[in-house]
Amino acid sequence: MEFTNEGHEEDSDPCRWDIVFNLPIPGWLPGSASLGMEDIGIRYGLYATAKFVNLDSEQYTASWSFATFCTPFRSRIRSVDARKEIILRRYILPPHVNRPTTPIANYLVNSHSPSEKAEGSKKRIPADVLSKIQVLTSVPEDVDVEGTSVPITVRLRTKDLATAECKRLQITEVGINILQQERWRYRPSATYLSQFPLPPREMQPPTVPLRDPHPISGIYDVGLYLGREHSEAVCRTFTLLPSKDAGKYQLSDNNYAFASDSEQGDNPTWYTMETQVPFVHTSPADLDLETEEWAGPAVIRPSSSSPLFGVSHTLAISLTFSYDLPDSDERARERLNFSIPLSFGCYLPSTPAVGSPSAILRPSDEAQAAGHGNSREPSHPTPETSFSNLPSYSQLYDDNGDRKVDLSIPLPLYTPREETSKDDTHGTTEFSNSTCPEEKNTPCLLVNPTP
């Protein structure tokens, strides 16, 4: 392909040609992240190489120099490389018009009897009693990492338990803890490779080096770093509860919550407990100093999965039961422990942050707001980061590639903008962007901060 500026206006000045490419980007890519003290993490970049031949230099010149003598031995093709940093953010949809509340995920847990081995003279609750306790836990499908608490609902009941046994069973304590586990791997796991189409091993480092490796990678390549031995993966787990919150909730005495379950037939009423579990953005847990040096501080991160780094969250629940032993004044105690998954993420910003002044958002204002973000990229994007909100692929197309058509959402009617009105007395009247005009045909959206 030959480019020239001959025949164009001002052909003595350099010209610029724009070449547009459509690059297919998979939707499973993990978001950009900065990890540890050395700013390692997940980074993306767009690389381009242009190869060209300058035809003007190929023309015959009468002057002779030493460079002319070397011309037959030089390559005619030149190349220029360029790199552009790409920041990839992953968001979850916040509550909106079609989904006013966050969807709830329910987990039904059937209790299993503990080991039958006796621990000295400790009294145990019969296994057939524990196995008939059902626990239903409800948590949000997604939790905002910028939030401060998680709504939790725990429901309990018995199933096919005798009347006498129901009246002996109490629930005395509920324990709740939010845990974050970070896992680093030396190489991708077999499970991850089977789910996502990563390049083969022969196309991975060290066989093929990275285009833009981290500066610290050279220390590992030459074998100068000698750390403690690790297996294929290393992980750390810490709590996200505040330092003043132990996560233990004592219930009232004589709490025979299942006394009437057998009288209600096949569908007894659930004993329901609802609470808001607080969490912090920086864990107060004491961590290993050596681990903190390369893994960074224990801060909350969105749930994610990548070939070499993953973050998962779990809700650990413990239920303490007491059981009145027959023909005795003694009580047996058992604690049931189980965990259910939580998913933390960043909500897609759609309204101004709390405390910001009211603003009028017009279609052109969103594009003008792009580029006002911070120069330093945080570990997870914050709602204050400004950019143009574009819909995701799953919002526009079905899994089979057909475009989604949602007829339940009427499109806004087009109303042309009114011309500037002139008054003989007051002159010209114009509407500014700081206030909303009273005319109903002028498209604008007044956003007030949440109290």
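**Reading a nonpolar patch, a core and ring pairs**

Trainee: Where in the chain is Met1 found?

Mentor: Met1 is found in the segment before strand E1 (33–35), where strands (E, at least two residues) and helices (H or I, at least four) are DSSP runs numbered from the N terminus. This is a predicted model, in which local features need pLDDT of at least 70 and side-chain atom pairs count only at pLDDT 80 or more, while totals for chains, interfaces and linings use all residues. Residues are numbered from 1 along each chain as its sequence is written, and side-chain values use heavy atoms, with hydrogens and water left out.

Trainee: Is Met1 buried or exposed, and which residues form the nonpolar patch with it?

Mentor: Buried means under 20% relative accessible area, exposed over 50%, and partly exposed in between (1.4 Å probe, protein chains only). Met1 counts as exposed because its relative accessibility is 87%. Together with Phe3, Trp17, Ile19, Phe21, Leu23, Ile25, Leu46 and Ile86, Met1 forms a nonpolar patch on the surface, with about 1,100 Å² of accessible area together.

Trainee: How many residues does the largest nonpolar core have, and what does Ile178 touch?

Mentor: A nonpolar core is a set of buried Ala, Val, Leu, Ile, Met, Phe, Trp, Tyr and Cys residues joined through side-chain atoms within 4.5 Å. Here the largest has 43 residues, and Ile178 is listed with Leu156, Leu315, Leu319, Phe321 and Phe344 as having the most contacts inside it. Among the elements that each supply at least two residues of this core are strand E9 (169–185) and strand E14 (309–324). Leaving aside residues up to four places away in sequence, Ile178 touches residues including Val150, Phe238, Leu315 and Phe344, a contact being heavy atoms within 4.5 Å. Another core, of six residues, lies apart from the largest one and includes Ala33, Leu35, Ala295 and Phe309.

Trainee: How many aromatic pairs does the structure hold?

Mentor: A pair of aromatic rings is described by the distance of the centres and the angle of the planes. Rings of Phe, Tyr and Trp (its six-membered ring) pair if their centres lie within 6.5 Å, and planes under 30 degrees apart count as stacked, over 60 as edge-to-face and the rest as tilted. The structure holds five such pairs. One of them, Trp28 with Phe196, is tilted, at 4.9 Å centre to centre and 35 degrees between the planes, and its two residues are 168 residues apart. Trp28 counts as partly exposed at 24% relative accessibility, whereas Phe196 is buried at 19%.

Notes:
Patch = residues over 30% accessible without salt bridge, like charges linked within 9 Å, V, L, I, M, F, W, Y side chains within 5 Å. Areas by Shrake-Rupley, 256 points an atom, 1.4 Å probe, with all protein chains shown as cover. Salt bridge = Lys/Arg side-chain N within 4 Å of Asp/Glu carboxyl O.
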